[in-house]
Amino acid sequence: MKLKLIAAIIASVILVGFFLNLTFLAQPQVQPNVQALSPITTSYYQYNGTYFPYIIKVTYYPGNASSNMGFPDNWPVTNYNQEFESVVNTSCLDLQRGVSWELPADMLGGGVPIPLSTPASQLPASSVIGQKAALVFLTQDVGQPLGVSLADNLLFVEEDSGPGTVVAVNPVTGNVVWYATGLASMAMQDPVVDNGIVYVPVGDIGFTFTAVEHALKNITTGVYRGSTYGAIYAFNASDGQLLWMRFTFGENMPDPAVYGGILAYATGGGCFIGLNATTGQVLWITKLPGYIDSMSSVNYYVLPNGTPIFIAGFTLTSYPYGELVAVNGENGNVLWKSQLPSDYIPYNTGMGDSPATVLQSMGIILKDTIANFRNGTVDTVIFAVNATNGDVLWVKNLGRGAVPPAFKASMISAIGNVAYVGVPSLGEIDAISVSNGNIIWSTRLPDLGIPPTEPGGPRGAPVIYHGYLISAAGSSVYVISPEDGKVISMYNIGGRFGIVYPVIAGNTIFLTNSYGWVMALPLTEIYAGL
């Protein structure tokens with residue numbers, strides 16, 4: 001198991017170096033179309049006496065501002081809330097009727113928005129690394145790996161390109177209200193928003209050669225992920241003004257969570273950190289040497305006595321190879337660590353590459369991972385733990401398939417006693433009983449390529465709306481019956497959807513795409529019955 005993880009780390013170093021070389025060979029010569037005059041531009045070179053590696057340039061277009069959307073004023077965790085229900089209320093009549101626009105968002109960070117009809121054979125480096133790898137790298141290094149956030153009358157989205165960008169968009173027109181470029185590394189999440197502040201974590205997927213040496217010598221405490229700068233930024237939600245920032249040890253790809261004025265985040269350097277969400281002042285730091293949080297965004301659970309706990313998944317380079325960790329939100333003390341039973345061995349970075357779903361009213365936490373590697377295949381596993389003490393309640397094997405490249409997943413979608421989870425290696429969505437883990441139904445999505453020949457999907461979980469499940473996978477949006485899993489409709493958009501979950505307001509669905517686009521569509525265009 002350890003040698004397999006070391007091999008994965010070495011491959012990551014080689015591929016990251018290869019793509020960094022490509023980045024400097026060809027810089028795109030395109031300009032954003034923001035449809036506004038008289039921008040206000042502010043450049044930041046340092047914060048609190050510490051210089052930035054790149055100039056952070058914030059461009060603000062007051063004339064594009066939006067108002068009276070009726071959105072919530074916060075988006076506290078990745079995928080919107082504890083149980084992943086990415087549907088928000090809106091009082092905007094345009095959104096209730098349904099709007100349509102496409103924004104070539106990659107332009108803003110210096111990237112190339114690739115036409116959605118482009119075949120994988122024409123993607124960057126596909127002739128060198130193959131079409132499957134080209135699709136994966138495009139998601140991780142160029143486009144939008146996750147979805148959007150809707151809060152404070154705006155749509156927020158992050159971009160990997162150039163090296164990291166965050167954009168605030170008028171959700172009705174698709175015009176840019178403000179954007180910030182020059183972040184220290186890749187911005188791979190959906191922004192977390194609270195109290196008028198947008199939080200943007202950045203980091204990369206690489207391992208340094210030093211980390212590889214430590215892994216080879218079994219110095220597990222010296223293994224961390226992140227070959228460039230990791231950091232977290234706080235921007236004013238309305239105009240993009242930089243409020244504060246903090247560098248991190250190791251990458252900071254996962255989203256933070258904010259609750260009760262505390263912003264908590266976890267890093268690839270084995271740190272769990274709590275900040276004052278307004279000022280960025282450090283409240284506590286919990287060090288977990290040898291623990292790697294890759295893309296397991298933080299979630300929270302409120303104990304019966306009112307104390308919040310923050311939860312994230314971590315990869316370990318030695319047995320048990322992965323754990324779910326909960327810390328006290330007030331002081332950072334570790335409350336519990338939870339791991340799979342011994343007959344399930346997490347594979348690669350699986351445990352640290354998917355966030356947990358918290359069912360507050362039931363006191364249950366759900367998590368998925370890949371496990372039990374053999375001959376190029378893995379099991380996809382979902383398990384439930386007691387939110388108070390971390391005891392494993394049940395484990396369910398969802399099936400065996402070829403290893404999905406760069407396994408990463410969104411939160412599991414949960415409605416009542418049913419959870420919906422994507423299985424990328426099998427190209428299916430499963431409905432699971434939260435009470436006991438039994439599979440209620442399993443549906444293979446049509447026209448979705450699966451490993452080993454394709455990257456697989458769905459990476460993001462579906463959202464339920466108006467009695468239907470809506471899922472973005474491959475190049476299409478699927479409408480599915482939540483009762484029996486029957487695929488009712490399939491609407492092809494093109495490009496590729498990574499760990500993308502649909503976000504809905506009124507009759508409008510918002511999507512991002514690995515090809516560098518953010519888009520809005522009327523739900524009724526996808527399926528007339530919505």
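Tyrosine 199 and tryptophan 244 are both buried. This is a predicted model, and it holds 17 aromatic pairs. Tyrosine 199 and tryptophan 244 make one of these pairs, a tilted one, with 6.1 Å from centre to centre and 50° between the planes. Here is a friendly tour of that pair, the salt bridges, a helix and a surface patch.

**Aromatic contacts**
- The pair joins distant parts of the chain: tyrosine 199 sits in strand 10 (residues 197-202) and tryptophan 244 in strand 12 (residues 242-248), 45 residues apart.
- Elsewhere, one aromatic cluster is formed by Phe52, Phe156, Trp178, Tyr233 and Phe235.

**Salt bridges**
- The count of salt bridges comes to 3.
- Lysine 408 and aspartate 353 meet through their side chains in a salt bridge, at 3.7 Å from N to O. This pair links distant parts of the chain, 55 residues apart: lysine 408 is in the loop between strand 25 (392-402) and strand 26 (413-415), while aspartate 353 is in the loop between strand 21 (334-338) and strand 22 (357-359).
- Buried means under 20% relative accessible area, so lysine 408 at 6% counts as buried, and so does aspartate 353 at 0%.
- Aspartate 379 forms a salt bridge with arginine 400, and their closest N and O atoms are 2.9 Å apart. Because aspartate 379 lies in strand 24 (residues 377-386) and arginine 400 in strand 25, the pair ties together parts that are 21 residues apart in sequence.
- Arginine 97 forms a salt bridge with aspartate 94, with 2.9 Å between the closest N and O atoms. Both residues lie in helix 2 (residues 93-97), 3 residues apart, which is about one turn of the helix.
- An α-helix has 3.6 residues a turn, so residues three or four places apart point the same way.
- Arginine 97 counts as exposed, at 55% relative accessibility, and aspartate 94 as partly exposed, at 34%.

**An enclosed helix**
- Helix 4 (residues 131-141) is largely enclosed by the rest of the structure, because 8 of its 11 residues are buried.
- The buried residues of helix 4 are Ala134, Leu135, Val136, Phe137, Leu138, Thr139, Gln140 and Asp141.

- Tyr45, Tyr51 and Ile55 make a nonpolar surface patch of about 380 Å².
- Tyrosine 45 belongs to strand 1 (residues 40-47), and with a relative accessible area of 49% it is partly exposed.

Note on methods. Residues numbered from 1 in each chain as written. Predicted model: local features only at pLDDT ≥ 70, side-chain atom pairs only at ≥ 80, totals over all residues. Heavy atoms only, no water. Buried < 20%, exposed > 50% of the residue type's maximum accessible area, 1.4 Å probe, protein only. Helix = DSSP H or I, 4+ residues; strand = E, 2+ residues; numbered from the N terminus. Patch = residues over 30% accessible without salt bridge, like charges linked within 9 Å, V, L, I, M, F, W, Y side chains within 5 Å. Areas by Shrake-Rupley, 256 points an atom, 1.4 Å probe, with all protein chains shown as cover. Salt bridge = Lys/Arg side-chain N within 4 Å of Asp/Glu carboxyl O. Phe/Tyr/Trp six-rings, centres within 6.5 Å; stacked < 30°, edge-to-face > 60°.
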